[in-house]
Amino acid sequence: MKKEVRRAVIAGNWKMNKTPSEAAALINEMKPLVADADCDVVLCVPFVDIPAAVEAAKGSNIKIGAENIHFKESGAYTGEISAAMLKEIGVEYVVIGHSERRQYFAETDQTVNLRTLAAVNAGFKAIVCVGETLEQRELGYTETLLKYQTKMALTNVTADQLKNIIIAYEPVWAIGTGVTATADQADEGNGFCRAAIAEVYGNDVAETVTVQYGGSMNAKNADELVSKVNVDGGLIGGASLKAEDFSIIVKATSK
Ligand code: PGA
């Protein structure tokens, strides 16, 4: 099977940007620009922005996602948000294991796995992030690390549940730095993630999984990145905060 069998997904990751009213305004600006997309279009926004974002996106092809999810159903977890809470307000996607969560909020491969299971068990589509640091790359550990993180994240995920998993390969050194992986590096990294899936679930299943690239993807480089056989769209940070830039990336992916 080939790239054509996979659905490309362009997902914005707004991180800690935009208030609810700003979110609504940006989505209203984006809606007409991405209406003709031939890929899935998702915006993952801060928790408090979700109701305004869902309302603004109504009737459009934009789906709304959250930037994290807790793995317990409820309880004494101050500051956390459960699957049921997200379901009730119209969330369809969740980002899990972003490198900023791993770096600043003690996220581990184990908690990434627990969150992934919670997300798919609750019927969300999970965008699971993996990626090597510059030091790991320079030491030659990129393949080992990506395969390890991918397999750890997917522990106990069934082949059927894998239909609701998107892997986002995001080299940590390329996130928010303006340094993009070359298209070949992105293709190779995505290929390592897909190979890890193949090692556990077999080739046929692995070929159907959407694997995004993320890390300084923008209006200028998207075309080349998404043309690569293993790159099924992208997870976009900075450029997803600008309607015009985001729509150019969506269009590049819709060709
Ligand atoms: P960036 O962020 O596009 O700003 O590099 C990507 C991400 O962190 O998902």
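Angles under 35 degrees count as roughly parallel, over 145 as roughly antiparallel, 65 to 115 as roughly perpendicular and the rest as oblique; the views below show a predicted model.

**View 1. The crossing of helices α5 and α7****.** The axes of α5 and of helix α7 (residues 142–153) come within 8 Å and cross at roughly 45 degrees, and the two helices are therefore oblique to each other. On the α5 side the contact is formed by D109, Q110, V112, N113 and T116, and on the α7 side by Y148, Q149, M152 and A153. Sorted by class, this contact comprises four nonpolar, four polar and one charged residues.

**View 2. I167 in the largest nonpolar core****.** This core has 68 residues, of which I64, V94 and I167 touch the most other members. Not counting residues up to four places away in sequence, I167 touches V128, V130, T150, L154, C193, I197, V209, T210, V211 and Q212. A second, separate core has eleven residues, including A11, V42, I127 and L235.

**View 3. The buried residues of helix α11****.** In α11 (residues 243–253), the buried residues are A243, F246, S247, I249, V250, A252 and T253. They pack against the strands β1 (9–13), β2 (40–44) and β8 (233–236), and against the helices α1 (20–34) and α10 (222–226).

How values were computed. Residues numbered from 1 in each chain as written. Predicted model: local features only at pLDDT ≥ 70, side-chain atom pairs only at ≥ 80, totals over all residues. Heavy atoms only, no water. Core = buried A, V, L, I, M, F, W, Y, C linked by side-chain atoms within 4.5 Å. Buried < 20%, exposed > 50% of the residue type's maximum accessible area, 1.4 Å probe, protein only. Contact = heavy atoms within 4.5 Å. Helix = DSSP H or I, 4+ residues; strand = E, 2+ residues; numbered from the N terminus. Axes fitted to C-alpha atoms, helices over the stretch in contact; angles between N-to-C directions. Nonpolar A, V, L, I, M, F, W, Y, C, P; charged D, E, K, R; others polar.
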